[in-house]
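Good morning, colleagues. I shall speak about the ligand site and the domains around it; please look at the model first.

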Amino acid sequence: MKSIVILISGRGSNMEAILDAGLRLNIKAVISNRPDATGLAMASRRGIATRVFDHSAYASREAFDAALAVGIDSVAPDYIVLAGFMRVLTEGFVARYPMRILNIHPSLLPAFGGMHTHRHALATGVKIHGATVHFVTSHLDHGPIIIQAAVPVLPHDDEAALAHRVLVVEHQIYPQALRWLAEGRITFKENNVVEIRDLNVSSDIGDQQLRMPME
Ligand code: GRF
């Protein structure tokens, strides 16, 4: 069975969706860069080992990433799953785990990389927004895309309403991406384009990528 560590910074709702999905993955630890991350208690309640590397205690990004890497390597996971982890990782850290770090980003990449994605989507006037699970490379928010889900942008949306609609699909696509990972079905074509082996459109993505939740 493949193993993961999950990195969080706060609420941990994506982490919870992953834990609830009953995946065939050995979850070795949940690590936070913030001691007050509420997701830590949730992980502990489920019997998962937790650790904190408080980024404010380190003099530089490099020093923080070096300590984080030692912590991760001590449990030797196959993959590192960023789930609302709000720190940009250094090139050195990313290079240490090539195509072994996954992230969820609340936009349809390559649109709206970086912060405040919902605000930018509203300001730009796009009518479709969404979320992306991708591998992390040194090019921020540009790594190979594993799965995306779209939601409509509705006329009276504010940032909170749009964020909520996107979060619903985040909780669907991250477990699905990790299910494919657990099943060893993620393959790479030329230019690191991801292809899911034996993809069955209705059972693998029908519910996640094609549904447009309209609360
Ligand atoms: C999510 O919207 C995620 O895409 C973004 O930060 C948020 C984290 O939420 N990077 P949670 O901690 O998983 O609840």
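Domain bounds here come from an automatic or database domain assignment. For this chain, that assignment gives domain 1 (1-97) and domain 2 (103-215). Residues are numbered from 1 along each chain as its sequence is written. The model is predicted, so that local features need pLDDT of at least 70 and side-chain atom pairs count only at pLDDT 80 or more, while totals for chains, interfaces and linings use all residues; side-chain values use heavy atoms, without hydrogens and water.

The centres of domain 1 and domain 2, taken over C-alpha atoms, are 20 Å apart. In contact (heavy atoms within 4.5 Å) are 18 residues of domain 1 and 17 residues of domain 2.

Which residues surround the ligand? They are Arg11, Gly12, Ser13, Asn14, Gly84, Ile104, Pro106 and Glu170, counted when a heavy atom lies within 4 Å of the ligand. Each of domain 1 and domain 2 supplies at least three residues of this shell. By class, the shell comprises 2 nonpolar, 4 polar and 2 charged residues, with Gly counted as polar.

Now to the polar contacts, pairs of N or O atoms within 3.5 Å. Oxygen atoms of the ligand lie 2.5 Å from a polar side-chain atom of Arg11, 2.9 Å from a polar backbone atom of Gly12 and 2.5 Å from a side-chain N or O atom of Ser13. The protein covers 85% of the 360 Å² of accessible area that the ligand has on its own, by the Shrake-Rupley method with a 1.4 Å probe.

Definitions and conventions:
A polar contact is a pair of N or O atoms within 3.5 Å; within protein, one must be able to donate a hydrogen and the other to accept it, and residues adjacent in sequence count only if both atoms are side-chain atoms.
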